[in-house]
Amino acid sequence: MTAPTLQARPVPDIVTELPGPRARAHIEFDHAWTSPSLPRAYPIVPVRGEGCTVEDIDGNLFLDFAAGIAVNSTGHSHPRVSAAIANQAAELIHFSASDFYLPIYAQAAAELARIAPMTGPTRVFIGNSGTEAVEAGLKLARYHTRRPNVVAFLGAFHGRTMGAVSLTASKAKYHAHFGPLLPGIYHVPFGSAGLDELEQRVFRRLMPADEFAAVIVEPIQGEGGYVVPDADFFPRLREICDRHGILLIADEVQSGAGRTGKMWAIQHFGVEPDVLLTAKGIASGMPIGAMIARSEIMDWGPGAHGSTYGGNPVALAALMETVRLLEEGLIANAAIRGEEVMRGLRPLVEQYPRLVREVRGKGLMVGIQLDSAETAEAIQLQAFERGLLILEAGDDCVRISPPLVVSEREVATAVRIFSEAVAHVAVHRAEDVEEVLAAERAGLVSEGFGASG
């Protein structure tokens, strides 16, 4: 018997306290068995999803504007993606593409090459995750150039395996007690000011430019706070790389797969990378990471890199169907809905100037800059209490990254709930009466709300 659709109920629909009784029991069970290294944002225990809706173990329905950290690009359990997974699983679940000629592996590689943002021929390596794609890019850059050093940017997140975490510079805790990290990694600030530092300090004082294999960069920083670079950044970075024979690696693990209203975020900036890394949304939640590189760069031989599970047939079936859905309209929807999100949230900057500093982004990759980490966490939790799933990012930012299937109605609901969460935090932290009056004028709280706390 088919379970009833989640859309038969209003969303969100919170029917218990949060966390509910079954969720509390599961969380206690989880804490007994799972690694304490897992950083949980808030106490949700999801058991079912449909589109932008998530049901927890107690039957509460949430509006998902986090999408599994920007992973569920086609929404939860899209029927076409689910069918592609089921059909492939009935035929062949696993056969290692590192050692044998798996048909769907080459087909998926050709598809990724087709949509790559580079002119000229490219070739593809497929792994299991974003951090694996980063490791592949790092290895290929060193192999091809025979140079040891790599430039990355402060605020960047590239993963947690040893090479990737050495490139990561979003939070110091990711490096704590794991040293020594990979040598030859140089970090500079993100944006044009960082390129000044790269040329004037790093290349001039620390290491010659011809000792660098690659620059790795997120076109829009993800965990760093959904930071969009200034207009001059990428053209100048491309010129620097060309001048010194340095490879430009675009880490599109979070920003790619249509999220920004284009297939790849770097397409907003008018330059082409030499290597592009993708994962997360490219397979709608199935474990895939891929490195796409210009053919002349991918000059390593058999055995230089591989993966037992990379390019799993079931995951690749999801990837192929995801790309079709993206091109059939979800990329365009991301651009439209993203404008609606930002248009709906930008008034908060004027309404709550002490708390909300900026609303920025492209497509459905939207960051809300706040005055502090405490405010970001408080707004995230207030949104959760109201049934809206969002996530913190950076030092003092909240990110909004819903599935690309999100509707105009769902955007309107999310904007309303987010605004209510901001109003609640503003009222309870008001430094003067103006914050309270702003919330009342906006109709987000009643007069006297929170007067005792």
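Biologist: Where is the place of Pro19?

Modeller: Pro19 sits in the segment before H1. Keep in mind that we're looking at a predicted model. Pro12 is found in the segment before helix H1 (21-33) too.

Biologist: What kind of peptide bond joins Leu18 and Pro19?

Modeller: A cis one, with omega at about -10 degrees. Val11 and Pro12 are also joined by a cis peptide bond, and there omega is about 0 degrees.

Biologist: Which residues of H4 are buried?

Modeller: Ile104, Tyr105, Ala108, Ala109, Glu111, Leu112 and Ile115. To be called buried, a residue needs under 20% relative accessible area.

Biologist: What makes you say that the buried residues of H4 line one face of the helix?

Modeller: Look down the axis of H4: its buried residues fall within an arc of 160 degrees, so they line one face. The face turned away from that buried side carries the exposed residues Pro103 and Ala106. And what covers the buried residues includes helix H3 (79-91), strand S4 (122-127), strand S10 (289-294) and helix H9 (313-345).

Biologist: You mentioned H3. Which residues of H3 are buried?

Modeller: Val81, Ala84 and Gln88. They cover an arc of only 60 degrees around the axis, which puts them on the same side of H3. They pack against H4 and H9. On the face turned away from the buried side, H3 carries the exposed residues Pro79, Asn87 and Ala90.

Biologist: Why are H9 and H12 called roughly parallel?

Modeller: Their packing angle is about 25 degrees, with the axes 10 Å apart. Angles under 35 degrees count as roughly parallel, so H9 and H12 get that label. Their crossing is right-handed. Where they meet, H9 brings Arg337, Glu340, Val341, Gly344 and Leu345, while H12 brings Glu408, Val411, Val415, Phe418 and Ser419.

Biologist: What makes H7 roughly parallel to H8?

Modeller: The axes of helix H7 (residues 192-206) and helix H8 (residues 233-244) cross at roughly 25 degrees and come within 9 Å. With the cut-off at under 35 degrees, that makes H7 roughly parallel to H8. The H7 part of the contact is Ser192, Leu195, Asp196, Leu198, Glu199 and Phe203, and the H8 part is Phe233, Arg236, Leu237, Ile240, Arg243 and His244.

Biologist: Now some single residues. Why does Ile69 count as partly exposed?

Modeller: Its relative accessibility is 37%. Buried needs under 20% and exposed needs over 50%, so Ile69 lands in between and counts as partly exposed. Ile69 lies in helix H2 (residues 67-70). Its phi is near 60 degrees, a positive value in a residue other than glycine.

Biologist: And what makes His177 count as exposed?

Modeller: At 84% relative accessibility, His177 passes the over 50% cut-off, so it counts as exposed. You'll find His177 in the loop between helix H6 (162-167) and S6. Phi of His177 is positive as well, near 70 degrees.

Biologist: Which residues is His187 in contact with, leaving aside its neighbours within four places in sequence?

Modeller: Ala152, Phe153, Leu154, Ser166, Leu167, Thr168, Ala169, Glu197 and Arg201. To count as a contact, heavy atoms must be within 4.5 Å. His187 itself lies in strand S6 (residues 185-188).

Methods: Residues numbered from 1 in each chain as written. Predicted model: local features only at pLDDT ≥ 70, side-chain atom pairs only at ≥ 80, totals over all residues. Heavy atoms only, no water. Buried < 20%, exposed > 50% of the residue type's maximum accessible area, 1.4 Å probe, protein only. Helix = DSSP H or I, 4+ residues; strand = E, 2+ residues; numbered from the N terminus. Arc of directions from axis to C-beta. Axes fitted to C-alpha atoms, helices over the stretch in contact; angles between N-to-C directions. Parallel < 35°, antiparallel > 145°, perpendicular 65-115°, else oblique. Left-handed = near helix turned anticlockwise from the far one by under 90°.
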